Amino acid sequence: MFDPELLTVLRNARHIAVFTGAGVSAESGIPTFRDAQTGLWKQFDATKLASPSAYRTDKALVWGWYEWRRMKVLKAEPNPAHLAIVALAEQVENLTVITQNVDDLHERAGSFGVVHLHGSLHKPRCFACARPYTFSSEIPEEPEDGRRLEPPRCVHCDGRIRPGVVWFGEQLPEADWQRAEIVAHQCEVLISIGTSSMVWPAAQLPKDAADSGAKVIQINPDATALDKVAHFNLRGKAGDILPRLVEAIRTVG
Ligand code: OAD
């Protein structure tokens, strides 16, 4: 059972922002970053994998790791949480998905115009000239954990190709960040799903939304830094809670 006030807030909202992190893809089999045991940053050293200097130091290590992650995503399917967000969008005037995830599971579930704050595994570019690189359509074999793989070369300048994700120490893509900030200030409800709310500036968005008068709803099985800001904290897995929540809004309406 959901708080009737929560359902009223959602039913009356004309613009909902859905802000997602790794937890929304966890039930598709994509590992999160900070969960105990299974989190990527518990098993791998971010400083050796997720910065421009790490890439300069060992391109094959970095490229192989990101290819391993891309293969996982290619084999994964959207889960009930991704699908419930699409169903919710059909019930409100305006819904914007803002994600920190570098997978394409929101799009494959049917979400449009997704704002990708941390880039995409599927949009690599040249490290030298920044022009985009197109992967072949074949699904390559999944490299084993940590397998080294030489990055391909740019067809334009012969530079090395890098993953299209935002690394530590890099700026967020400007257009995506601006759009996210506008949405955070304009939305009436922001639903934060599956993020530890520890990485800035992304973690600022729910706070900005609250400061601008939006109601903030959080869906997460664990306590996070956002607990104190959120008006409604729903404890549990996104793939369990979201479909029930969307159904409850629909049936109450
Ligand atoms: P984290 O791994 O920090 O947090 C994932 C959150 O998802 C945790 O709070 C979990 O409790 C929660 N969670 C786990 N399973 C869930 C489920 N089934 N349903 C709902 N929630 C669940 O991931 P992010 O917050 O996304 O950045 O991390 C933010 C950024 O840190 C990432 O985008 C990445 C990383 O470094 C870059 O790579 C730039």
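Mentor: Let's start with the elements: helices (H or I, at least four residues) and strands (E, at least two) are DSSP runs, numbered from the N terminus. By that numbering, Ser197 sits in the loop between strand 6 (189-193) and helix 10. One caution: this is a predicted model, where local features need pLDDT of at least 70 and side-chain atom pairs count only at pLDDT 80 or more, while totals for chains, interfaces and linings use all residues. Residues are numbered from 1 along each chain as its sequence is written, and side-chain values use heavy atoms, with hydrogens and water left out.

Trainee: Why is Ser197 called buried?

Mentor: Buried means under 20% relative accessible area, exposed over 50%, partly exposed in between (1.4 Å probe, protein chains only). Ser197 has 5% relative accessibility, so it counts as buried.

Trainee: And which residues is Ser197 in contact with, leaving aside its neighbours within four places in sequence?

Mentor: Ala203, Thr224, Ala225 and Leu226. Contact means heavy atoms within 4.5 Å.

Trainee: Is Ser51 buried or exposed?

Mentor: Ser51 has a relative accessible area of 12%, so it goes down as buried. You'll find Ser51 in the loop between helix 4 (46-49) and helix 5 (52-57). Beyond its neighbours within four places in sequence, Ser51 touches Trp167 and Phe168.

Trainee: What does the side chain of Ser51 reach?

Mentor: The backbone nitrogen of Ala54, at 3.0 Å. A polar contact is a pair of N or O atoms within 3.5 Å; within protein, one must be able to donate a hydrogen and the other to accept it, and residues adjacent in sequence count only if both atoms are side-chain atoms. Another such case is at the start of helix 7 (residues 80-89): a side-chain oxygen of Asn79 comes within 2.7 Å of the backbone nitrogen of Ala81. Ala81 is also one of the buried residues of helix 7, among them His82 and Leu88.

Trainee: On to the ligand. Which of the 23 residues around the ligand come nearest?

Mentor: Glu27, Phe33, Arg34, Thr195 and Ser196. Being near takes a heavy atom within 4 Å. A polar side-chain atom of Glu27 is 2.7 Å from a nitrogen atom of the ligand, and an N or O atom in the side chain of Ser196 is 2.6 Å from a ligand oxygen. Ala22 takes part through its backbone, with a polar atom 2.8 Å from an oxygen of the ligand.

Trainee: How many bridges join strand 6 to strand 7?

Mentor: Five, and the two run parallel. Strands pair if DSSP finds at least two bridges between them. Within this pair, Ser192 stands opposite Gln218. The open sheet has six strands in the order 3-2-1-6-7-8, with parallel pairing.

Trainee: In what sense do strand 4 and strand 5 pair?

Mentor: They're antiparallel, over four bridges, with Gly119 opposite Val165. Strand 5 (residues 161-165) is mostly covered, with five of its five residues buried.

Trainee: Last one: at what angle do helix 9 and helix 10 pack?

Mentor: About 35°, with axes 7 Å apart. Axes are lines fitted to C-alpha atoms, for helices over the stretch in contact, and angles run from 0 to 180 degrees between N-to-C directions. The residues that make the contact include Trp177 of helix 9 and Leu205 of helix 10.
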